[in-house]
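Colleague: I have just opened this one and would like a short tour. Can you take me through it?

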Amino acid sequence: MLLQLKNIKKSFGKVEVLKGITFSLDEGMILGLIGENGAGKSTMMNLLGGIFPPTAGEMFLNGETYLPNSPIAAQSKGVAFIHQELNLFPNLSIAENLFINQFPKKRFFGVSRIDKKTINVKAKELLGQVGLTMDPNKKVEELSPAPRQLVEIAKALGANPKIIIFDEPTTSLSHHEAKKLFELIKKLKAQGIAMIYISHNLDDVLKLVDSVAILRDGELVRMDEKKSFDIQTMVKEMVGREMLEFFPGRMKKIGKKVLEVENLTAKGFIKDVTFHIKKQEVVGFYGLVGAGRSEMVRVLYGLDRFDSGSIVWKGELIDKTNPVLSIQRGIAFLTEDRIEEGLLTRMNIQKNAQLAALGHFTKGLLHRINRFEAKEKVKEKVYATKTKYENLTEQLVSTLSGGNQQKIVLAKWLLTDPELLILDEPTKGIDIGAKREIYGLINNLVENGSSVLMISSELEELMGLCDRIIVMSKGKITASFDKSQFERNTILEVALHKQTAIL
Amino acid sequence: MTRFQKAIQLLLNYSTVVLFLVVLVTFGLLSPKFLTLGNITNILIQSSSLTILAIGMTFVLLTAGIDLSVGSIMFVVGVISGKLVVIGLPIWWAIPLVLVIGLLFGLVNAFFIFKLKIVPFIVTLATFYVGRGLGLYISETRAINLPESFLQIGSSKLLGLPMPIVILLLVLIIGHFVLSSTQFGRQVYAVGNDMAKARKAGVPVKKILLTVYLICGLCAAISSLVALAQLGAVSPTFGYQNEFMAIAAAVLGGTSLFGGKGNILPGTLIGALLIQSIQNGLVIINVNPYIYPVITGTVIFLIVMIDSLRHKSVQKALRTKTTI
Amino acid sequence: MKMKKIFLMVLSFICLLSANTGCRPKKKGVTIGISFETLQTEYWVASMAAIKSECERNGINYIVAVSNGDANRQFEQVNNFISQGVDGIVITPKDAHTIVPIIKAANRASIPIGIYNRLPADHAGEHVAVVADNYEITKSTVRYMGELARASGRKHKAMILIGDLGDINAIYRRDGFNDGIKEFEDVVEVVSRIPTEWNQEKALAGVTNALQANPDISFIFTSSDFLFPSIISALKNADKYHPIGHENHVIFGGFDGDPMAYSLLKEQYLDADGVQDVFYECNSLVQAILSLIEGGKVGRKIVDPGFVIHQKNLNEKATDMWGANLQTP
């Protein structure tokens, strides 16, 4: 038995986040850890990773008491932690990131200096282990998300770990890249390294792990071998009830066209994009990361310029787009990166939620904000999104969990009563319960007369929610499917293979 | 990226160097006396004090900090060393003593910043006032004229090189070595990029912060001595506003005020030389004095503009990259 | 909380240091407030001392404040004077415009105000100002230097160090120089004008650069004596610092009349210096305020004609030169 946890408890103030967790992990074993946001997954991993100590209980590593007081202590004991937000310094080279705290050195006239040769050799070796063949002197900022992830893993391998914890490692990876990551994980397993794999993507979990542990409200509700689980049972255990109708239906009464896009081109990003969206229609955009979907909606919303083509909004030709005009027209945009672009994390919930709809709450010549009205309206919408919070006007958004943050962003845009809501990966990194609530909100909105344009990398989600799915590849639209034509493999194939000539 | 875009990127990356060359050539064409060996030596001597100050500043800026107190440190160091030498202490005793004073200021700055968690801007603004007040108090706001021996050091030579240039080269080489070839140096960049991440990665953040402010204080003290050896006097305005010159030199050399980006060689050196060359060139070609601030301002504006362009184009290049 | 306390302590310490406000109540009687914008050169230190001693001679109490270059703080300091009930105010303003609201505040409180050394803008309220005739003193000094140049029988190249271009006194001195030197166009050619912003380091770099461009400069005028060390250092490096009588002596003049000017004159390195008569200025300003307090009338402007001190009148004029009567530190 490699790792053993006995009755581990952790409280923050009066709130007990972990209520006595007991489990063990063997060498070369991959444990899938799942649970809704707030179930205590991150807390548990932070205990293992040495970020903070448990309130009660014992941990053993190789039979010895294990109580790391810092990430470094955990690392030296052989426990490595790959955070969802990678802990890399983009301004330094790959090699420097690998050795940031233990550079190989050599003496030079009595002065200890970094031994660049040794570093290069060692770095190449480590990168080789994760299948990267890059020059280790390349700066991390020049890398795309997938190789960055691999560099982080290589860094962990440098400390000869016995256990590696992965927290949502695939959120910024494409299918292909995720597949490669899984191959690497299996290779590491063969070397005897144990792994804890945390993810909301239950498909991946089932594909990859040996055992599954399910956390709910700070308790380990079930831990068992993989074969005794399927998606349905996992979801049931996670949320504590049956989840029928994962994609709730909605009344269909699709109207006339609201948005018509023709031959939209933004050099270097998208080319000749033509499509339309009707009133009360949900149109999904599918494709690989980098297919140009996000770029296309940025242009639509007015964050980036386009070079040619036309956009017709409710029968009127639009020659200029910018965010202010878009909001006035009734177009709302939920960006992919909610932390950096969607939220002011150091402001309170109220201020964040009212931001886009501020104009609705002003009165008089001076456009004074009617705070009372704003507060009431925000309260109403935030309630509708089922966000879990303590205090609207005092709690900072940064203290909310990922799913709840996303709901606040959604509430922010719903307050503007948008006619067209553009969603870019609205459920990325969110747990199943929150996902379902967001689907419900989208349906509500559409039933009340709005249209939705939604980008997602989860095909199931699009198939469950959309009236139409448009596939993009390398900046172009390559196919469009009506609901009756939805067929998982066909759509995937189009997205992966039918790549027309590049721009 | 197309070849054209690459060329633009390259040009933007080396904008300060390009601008420096443009300045040299322009003044060279306007006056035959500008690009003479004598004048180039002059520029180097005159920029030695500023460059040393800016090297210390670069360390601090790289950690996303700032040190507004360096000009005041220069002043205190100048006043105290002046007083000590005037009352008869040998120069070689006074020098190590005042270097310690520079270190002390760095220590105070670092203490308030990472022990009491007050932002560097406020802390060093406080030491800026304290230092200036202390210097005025000790000097009774009078100018101190230094003995001949000080000026002799300033005009002495080592291996045929004027002393200020020798000291400049030493500080430059050591600074560059520390920053680029030691674990400490690379960790400075890590801290500047993201302090929380650095802590997580096991980088001794406090030690790094302490050390950069010590380095900055020490550089300010050295810079003060180098300036004194050329001036031969300490007036109550000595070192005044030099912190801004130092920050300008570092930023012109490509150091980011947000930390984590920049270097001493060639960055800060070129930045300081650029500032000094412009000052020098304007005198050499005898421009109307009212034009000085206009030209200096224009150059700073150009650099800031180029810096922002550079930032934008990097962002764009990153976004274009597809991950298929 | 603890952090906040320490922070506040540091802040209040800074305020103490930089405000430099000291109260010195004396025997009952007339009290005036003295506010200086700066004490950063010998000249201001000497002026402050002269005003204080003139007050003491007349049995006047005084309160002193220095605002270290901050016009806003100076305004607050004067308001403090007014609320403390001073009978008169003597002030060195930062510039011609920031003094205007200060004068108006004093007018509202009906307290006479005397402006030392820097002339307020035209529309300012009731006040009395004493200023040196910067223009004339400089012009006379430069004329004396010009005569020396002509007497040398050869042509000279000249350099002037200009002060802060925002300081009206610096501008008058520059104009005095320009007009004075015009009469000697035949023997003196101005090849270099160096903006110093009243900064010794900039002055050193400027003079060095100018000597690089024109190694044959043989005529230097500085708009303030406190730039002497920079000039001397640059001259030494160029091997051009020689006493009067040496064949490579540079004709050398300054403005202020500070202690260094006096010793350079004595050591025969300096040819001439324009002197502001600090004693005259301070005494007449204090006297003017006194008579205003007592209900008398005085003119709006007192002009200090100043004088030029040079090798030939050194002994007879030294007693009037403030720099000669201070102890050199």
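**Around helix 5 of chain A**

Modeller: Helices (H or I, at least four residues) and strands (E, at least two) are DSSP runs, numbered from the N terminus. This is a predicted model, where local features need pLDDT of at least 70 and side-chain atom pairs count only at pLDDT 80 or more, while totals for chains, interfaces and linings use all residues; side-chain values use heavy atoms, leaving out hydrogens and water. Residues are numbered from 1 along each chain as its sequence is written, with chains lettered from A and ligands numbered from 1 in the order in which they are written.

Colleague: How many residues of helix 5 of chain A are buried?

Modeller: Eleven of the 14 are buried, so helix 5 of chain A is largely enclosed by the rest of the structure. Buried means under 20% relative accessible area, exposed over 50%, and partly exposed in between (1.4 Å probe, protein chains only). Among the buried residues are A:Leu150, A:Glu152 and A:Lys155.

Colleague: What do the buried residues of helix 5 of chain A pack against?

Modeller: They pack against strand 6 (79–82), helix 3 (94–98), helix 4 (116–129), strand 9 (163–167) and helix 6 (175–190) of chain A. Contact means heavy atoms within 4.5 Å.

Colleague: New topic. In what order do the four strands of the open sheet in chain A come?

Modeller: The order is 2-1-4-5, with antiparallel pairing. Two strands pair if DSSP finds at least two bridges between them.

Colleague: And which strands stand at the edges?

Modeller: Strand 2 (15–25) and strand 5 (64–65) of chain A each have a single partner strand, so one side of each is left without a neighbour in the sheet. Strand 1 (residues 3–12) of chain A is joined to strand 2 of chain A by eight bridges. One of the bridge pairs there is A:Leu5 with A:Phe23.

Colleague: What about the hairpin of strand 7 and strand 8 of chain A, how many residues are between the strands?

Modeller: Two, and A:Phe109 in that hairpin takes a positive phi near 50°. Strand 7 (residues 105–108) and strand 8 (residues 111–114) of chain A pair antiparallel over four bridges.

Colleague: Over to chain C. Is C:Asp258 buried or exposed?

Modeller: C:Asp258 is buried, with a relative accessible area of 7%. Its place is the loop between strand 9 (251–256) and helix 9 (259–266) of chain C. Not counting residues up to four places away in sequence, C:Asp258 touches several residues, including C:Asp225, C:Phe226 and C:Trp322.
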